[in-house]
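Let's take a look at a protein and its ligand together. Have the 3D view handy while you read.

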Amino acid sequence: MAIAMLQQTVGGTLQLLSNSGTHCNVGNRSVRLLPKGFKLEVEFPKRAIYSSGKRKLNVIQASTSQTSVVGPLLAPSSSDTLDSHMKPNEVALILIRHGESLWNEKNLFTGCVDVPLTNKGVEEAIEAGHRISNIPVDMIYTSSLIRAQMAAMLAMTQHRRKKVPIILHNEDERARAWSKIYSEDTIEQSIPVITSWKLNERMYGELQGLNKQETADKFGHEKVHEWRRSYDIPPPNGESLDMCAQRAVAYFRDNIEPQLLSGKNILISAHGNSLRSIIMYLDKLTSQEVITLELSTGIPMLYIFKEGKFIRRGSPVAPTEAGVYAYTRRLAQYRQKLDDMLT
Ligand SMILES: O=C(O)[C@@H](CO)OP(=O)(O)O
């Protein structure tokens with residue numbers, strides 16, 4: 001197979017030697033090495049992925065005059081090169097409401113009670129993952145509840161890029177130290193998953209664990225509808241949507257938005273009401289408009305974040321849906337690169 005070999009570093013440049021005519025990616029630049037033995041000198045960033053065909057050379061520059069080569073790896077050509085094709089000023093934001101939980105199935109108010117998914121919820125998460133399998137994901141945010149975490153993990157089993165989602169444990173120094181990864185390459189092939197209770201479902205107070213139908217029969221449908229869908233009337237000792245929005249939107253603005261601004265493509269897996277609050281913020285909905293917003297379980301919603309604005313792109317209905325990738329040239333390119341790499 002044609003492959004560009006790493007030769008040596010000279011000052012701040014890297015020499016690549018082609019053993020036959022081939023294309024070669026250097027960082028995020030694609031260059032053509034023509035005849036056999038052709039040498040190319042390129043300025044190289046401190047750390048970059050150099051790839052050729054389906055092989056990759058993972059190069060770590062130790063100093064300007066010394067280069068160590070890790071690999072070549074057997075994995076397909078890096079999509080670190082590929083991932084960097086998404087311009088930092090144009091990134092994807094995907095929101096997923098977890099699939100059906102065991103208490104959704106039983107029609108119980110769930111709120112912050114930590115209940116897992118049903119089989120149907122597992123299938124919904126896998127289907128959601130299938131639908132977004134061609135969209136770049138660099139970081140994942142989930143609530144601290146297992147149903148949102150299951151949904152994120154199951155969805156990522158479908159992603160074509162095959163990076164491994166890894167939950168970060170930052171609760172204390174020991175948790176941080178004991179979950180440390182010691183391989184740069186492995187880190188490159190991982191997606192950090194950050195969990196926060198601030199993305200949890202709205203706390204349903206004294207309704208948690210009660211049957212929704214029985215509660216409506218007891219307190220009246222109107223009262224229960226007010227607890228469930230008004231903006232600022234909380235259920236007994238619980239959170240109103242307004243209270244839920246205050247912590248969920250603050251978390252989004254303080255933690256997630258800076259990552260989007262820095263060029264990260266992000267998946268958020270959370271809950272009906274924490275996501276309604278975030279969508280209210282993204283779509284600039286009024287408190288009147290948000291009360292009629294209902295989210296289906298397991299349906300991913302795609303936004304493009306560009307020049308500081310959130311542009312709603314709806315729900316991809318299939319991974320191959322042409323319309324989704326036509327939304328931006330960058331998404332189309334990312335998908336094309338995945339096709340090239342994986343077929
Ligand atoms: O029970 C809950 O926690 C939520 C979501 O399932 O219910 P609701 O639809 O009333 O917001």
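Here is a short tour of the ligand site and the nonpolar cores.

## Around the ligand

Keep in mind that this is a predicted model. So who sits around the ligand? The shell is made up of Arg 97, Asn 104, Leu 108, Phe 109, Thr 110, Gly 111, Glu 201, Tyr 204, Lys 212, Arg 228, Arg 229 and Asn 273.

Now zoom in on the ligand's oxygen atoms. A polar side-chain atom of Arg 228 is 2.6 Å from a ligand oxygen. For Asn 273, an N or O atom of the side chain lies 2.8 Å from an oxygen of the ligand, and for Asn 104 the distance between such atoms is 3.2 Å. On its own, the ligand would expose 310 Å², and the protein buries 94% of that.

## The largest nonpolar core

Next up is the largest nonpolar core, which has 24 residues. Leu 93, Leu 95, Tyr 141, Phe 252, Leu 260 and Ile 268 are the ones touching the most other members. Two or more residues come from each of β9 (90-97), β10 (139-142), α9 (241-261), β13 (266-270), α10 (272-282) and β14 (301-306). Helix α9 gives the largest share, with 5 residues.

Beyond its neighbours within four places in sequence, Phe 252 is in contact with Leu 93, Glu 257, Pro 258, Leu 260, Ile 268, Ile 278, Tyr 281, Leu 282 and Phe 310.

## Another core

Key
Residues numbered from 1 in each chain as written. Predicted model: local features only at pLDDT ≥ 70, side-chain atom pairs only at ≥ 80, totals over all residues. Heavy atoms only, no water. Near = heavy atom within 4 Å. Polar contact = N/O pair within 3.5 Å; in protein donor to acceptor, adjacent residues only side chain to side chain. Areas by Shrake-Rupley, 256 points an atom, 1.4 Å probe, with all protein chains shown as cover. Core = buried A, V, L, I, M, F, W, Y, C linked by side-chain atoms within 4.5 Å. Buried < 20%, exposed > 50% of the residue type's maximum accessible area, 1.4 Å probe, protein only. Helix = DSSP H or I, 4+ residues; strand = E, 2+ residues; numbered from the N terminus. Contact = heavy atoms within 4.5 Å.
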